[in-house]
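This report concerns the model displayed below. It treats strand pairing, charged side-chain pairs and selected loop residues in turn.

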Amino acid sequence: MTLIKLNDQSFTIKRVGEHYQIGEKKIKAIVHQKGENEFLIEYNHRMHHLILLDKTVQDEYHLSLNGIACWASRKNAKAQLLEKLGMQENTALKISSVSAPMPGMVLEIKVKAGDRVEKNDVLMVLEAMKMENTIKSPASGTINSIDVKEGEGVEKNQVLLQF
């Protein structure tokens with residue numbers, strides 16, 4: 001069972017064979033996928049057009065439903081249980097800084113203090129042993145400080161930036 005929040009409304013949805021159970025109501029809807037992010041939903045003899053415009057962190061979606069923009073989020077059973085227990089799935093990974101994985105020279109810094117980054121965004125380029133290595137963000141967050149400058153040599157495990 002998945003908890004869906006669509007704008008200000010919350011409801012549970014579960015697929016049961018060819019039907020969907022939304023809250024206590026059982027409906028028959030047919031979903032046709034038109035493209036990678038585009039769907040036609042046939043329900044109650046009407047077609048509804050759904051386009052996934054953007055997926056942000058933590059299963060939040062910006063959608064267009066019949067031409068109306070809306071936000072939706074979903075939580076699976078595990079996420080719901082963890083929330084009920086006062087926990088979150090991503091609490092295990094709290095990153096406060098990024099360190100140099102090897103000695104080298106900072107070739108290019110792609111971010112600045114105050115920037116919001118997502119997991120795997122490129123933060124900087126480090127040259128080591130005549131090779132360019134991209135340093136990527138290990139988690140989503142906001143950059144608090146950049147502790148190195150372009151052209152500066154760094155040692156292994158030296159802090160490059162802080163969240």
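Through how many residues does a hairpin join strand 5 to strand 6? The hairpin joins these strands through two residues.

The model is predicted: local features need pLDDT of at least 70 and side-chain atom pairs count only at pLDDT 80 or more, whereas totals for chains, interfaces and linings use all residues. Residues are numbered from 1 along each chain as its sequence is written, and side-chain values use heavy atoms, with hydrogens and water left out.

**The sheet and its helix**

Helices (H or I, at least four residues) and strands (E, at least two) are DSSP runs numbered from the N terminus. Two strands are said to pair if DSSP finds at least two bridges between them. Strands of a sheet pair through backbone hydrogen bonds, either parallel or antiparallel.

An open sheet is formed by nine strands in the order 4-3-2-1-9-8-7-6-5, and the pairing is antiparallel. Its edges are strand 4 (25–27) and strand 5 (29–35), each of which pairs on one side only. On average, and with direction ignored, neighbouring strands of this sheet are turned by 30° against each other. Helix 1 (residues 77–84) packs on the sheet and touches strand 1 (2–6) and strand 9 (68–75). The direction of helix 1 makes about 75° with that of strand 9. Contact here means heavy atoms within 4.5 Å; axes are lines fitted to C-alpha atoms, for helices over the stretch in contact, and angles run from 0 to 180 degrees between N-to-C directions.

Strands 5 and 6 run antiparallel and are joined by six bridges; Gly35 stands opposite Glu38 in strand 6. Six bridges also connect strand 6 (residues 38–43) with strand 7 (residues 46–56), again antiparallel. In this second pairing, Glu42 stands opposite Met47 in strand 7.

**Salt bridges**

A salt bridge is a side-chain nitrogen of Lys or Arg within 4 Å of a carboxyl oxygen of Asp or Glu. By this rule the count comes to four, including those tabulated here.

| Pair | N to O distance |
|---|---|
| Glu38 and Lys34 | 3.6 Å |
| Glu108 and Lys110 | 3.4 Å |
| Arg116 and Glu118 | 4.0 Å |

Relative accessible area under 20% is called buried, over 50% exposed, and in between partly exposed (1.4 Å probe, protein chains only). Glu38 is partly exposed because its relative accessibility is 23%, whereas Lys34, at 53%, counts as exposed.

**Loop residues**

Asp115 lies in the loop between strand 11 (104–109) and strand 12 (116–117). A polar atom of the Asp115 side chain lies 2.9 Å from the backbone nitrogen of Lys112. Leaving aside neighbours within four places in sequence, Asp115 is in contact with Gly141, Thr142 and Ile143.

His45, in the loop between strand 6 and strand 7, has phi near 65°. His45 counts as exposed because its relative accessibility is 80%. Asn157, with phi near 70°, belongs to the loop between strand 17 (153–154) and strand 18 (159–162). At 55% relative accessibility, Asn157 also counts as exposed.

Note on methods: A polar contact is a pair of N or O atoms within 3.5 Å; within protein, one must be able to donate a hydrogen and the other to accept it, and residues adjacent in sequence count only if both atoms are side-chain atoms.
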